[in-house]
Amino acid sequence: MNYNAKQNRYENMKYNRCGSSGLMLPAMSLGLWHNFGDVDSYENSKEMVTTAFDLGITHFDLANNYGPPAGSAEKTFGRILKKELASYRDEMIISSKAGYEMWLGPYGNFGSRKSMMASLDQSLERTGLDYFDIFYSHRPDPDTPIEETMGALADIVKRGKALYVGISNYNAEETKEAVKVLKDLGVNPLIHQPSYSMFDRWIEDGLQDVLKDEGLGSIAYSPLAQGMLTSKYLKGIPKDSRADKENTFLEKSDITKEKLSQIQNLQDLAVSRNQSLAQMALAWVLRKDKVTSVIIGASKKEQIIENVKALENLEFSEKELEDINQILKR
Ligand code: NDP
């Protein structure tokens with residue numbers, strides 16, 4: 001049976017303005033880095049995307065290399081879109097990126113004009129889209145002039161292949177330069193996509209100020225530190241969790257005794273707020289409008305349902321924020 005989106009899908013999601021642009025993004029977005037590849041169950045991937053959409057998640061984040069194999073998450077998403085969500089395209093914000101290794105040879109990586117343009121065309125073909133809502137430079141390229149990478153992004157907008165552009169993993173200085181070049185070319189960059197979580201606070205050291213000054217929005221990736229900021233690892237490493245799987249960026253050795261002690265203390269604090277640890281960790285990233293949106297990852301729809309409930313309580317008392325800081329220092 002064909003999917004019909006829930007009528008009440010916009011009732012509980014919060015939508016935030018992305019920087020000084022006209023675009024609103026959902027406070028929670030869904031990322032397709034893991035669990036949407038050819039190695040994963042199509043039915044499960046489909047259920048996660050439709051569950052998210054039913055909860056008001058209108059933004060779906062991709063990249064050329066998501067899978068495995070690289071490229072297959074875009075194909076899976078394209079299939080779901082065509083079969084289930086085609087009539088909802090104008091309710092969706094779909095992003096992709098180029099900049100990490102994608103194909104053999106000197107043009108399948110980083111940020112030359114050649115790589116950016118070819119990668120974008122491949123991503124459009126895999127997803128079956130005519131355009132992306134947001135297209136990103138996935139990381140800075142130390143060997144390509146920033147004018148070349150940003151020039152490619154500006155032309156992508158001017159040719160109608162993306163409505164907006166963004167940058168990911170650029171530090172504060174690199175961001176300032178990239179924004180200047182884009183603005184000089186007549187294109188306002190929309191957004192920055194950095195990592196940000198209680199375990200990874202680098203953006204507080206300068207980048208957030210630059211984004212505010214320049215009018216860019218921000219969307220935080222790995223807000224649960226890839227699952228560590230949940231209760232799942234407190235009693236060992238569950239089978240099929242990200243840390244248990246081969247070829248992921250979360251190693252069993254990342255879950256140290258010190259981390260587990262912090263996680264337990266954070267879990268106790270979350271319980272006192274009537275939240276799960278995952279919900280508190282997401283609420284913390286979204287506190288005081290620090291970011292426009294968080295991109296969650298998921299391996300099953302129940303995680304998405306749990307995580308969206310974080311929006312029911314985004315308030316922290318000064319005491320709670322201080323307690324969290326103390327726990328993170330230990
Ligand atoms: P998270 O930190 O949200 O981690 C997601 C993982 O945590 C899930 O796959 C699941 O892992 C576990 N999890 C989620 N919710 C729960 C829950 N309620 N209870 C228990 N476990 C839970 O984000 P990701 O690291 O997945 O990153 C999110 C997105 O950010 C990506 O999909 C991608 O779009 C983007 N990203 C961008 C990058 C960039 O360079 N621009 C880099 C990395 C990510 P499990 O499999 O163990 O169940």
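Entry 1, whole protein. I noted that I am working with a predicted model. I counted the secondary structure and found 10 helices and 10 strands. I then checked the radius of gyration, which is 19 Å against the 20 Å that the globule rule gives for 330 residues, so the protein is as compact as a globular protein of that length. Along the principal axes, the C-alpha atoms fill a box of roughly 50 × 50 × 40 Å. I looked up burial and found that 44% of the 330 residues count as buried. Among contacts with a separation of 6 or more, 77% come from residues 24 or more positions apart.

I took α1 (residues 42–54) and α2 (residues 72–85), which pack at about 60 degrees with their axes 10 Å apart. Angles from 65 to 115 degrees would count as roughly perpendicular; α1 and α2 are therefore oblique to each other. The crossing of α1 past α2 is right-handed. On the α1 side I listed Y42, S45, K46, V49, T50 and F53 as making the contact, and on the α2 side T76, I80, E84 and L85. Sorted by class, this contact has 5 nonpolar, 3 polar and 2 charged residues.

I located P145 in the loop between β6 (132–137) and α4 (146–158). Is P145 buried or exposed? P145 counts as exposed because it has 12 C-beta neighbours inside 10 Å, and the cut-off for exposed is 12 or fewer. I also checked P145 against G111: they are 34 residues apart in sequence, and their C-alpha atoms are 8.9 Å apart in space.

Terms used
Residues are numbered from 1 along each chain as its sequence is written. This is a predicted model: local features need pLDDT of at least 70, side-chain atom pairs count only at pLDDT 80 or more; totals for chains, interfaces and linings use all residues. Axes are lines fitted to C-alpha atoms, for helices over the stretch in contact, and angles run from 0 to 180 degrees between N-to-C directions. Helices (H or I, at least four residues) and strands (E, at least two) are DSSP runs, numbered from the N terminus. Angles under 35 degrees count as roughly parallel, over 145 as roughly antiparallel, 65 to 115 as roughly perpendicular and the rest as oblique. A crossing is left-handed if the near helix is turned anticlockwise from the far one by less than a right angle, and right-handed if clockwise. Two residues are in contact if their C-beta atoms, placed from the backbone, lie within 7 Å. Ala, Val, Leu, Ile, Met, Phe, Trp, Tyr, Cys and Pro count as nonpolar, Asp, Glu, Lys and Arg as charged, and the others, Gly among them, as polar. A residue is buried if 20 or more other C-beta atoms lie within 10 Å of its own, exposed if 12 or fewer, and partly exposed in between; C-beta atoms are placed from the backbone. The radius of gyration is taken over C-alpha atoms; the globule rule is 2.2 Å times the number of residues to the power 0.38.
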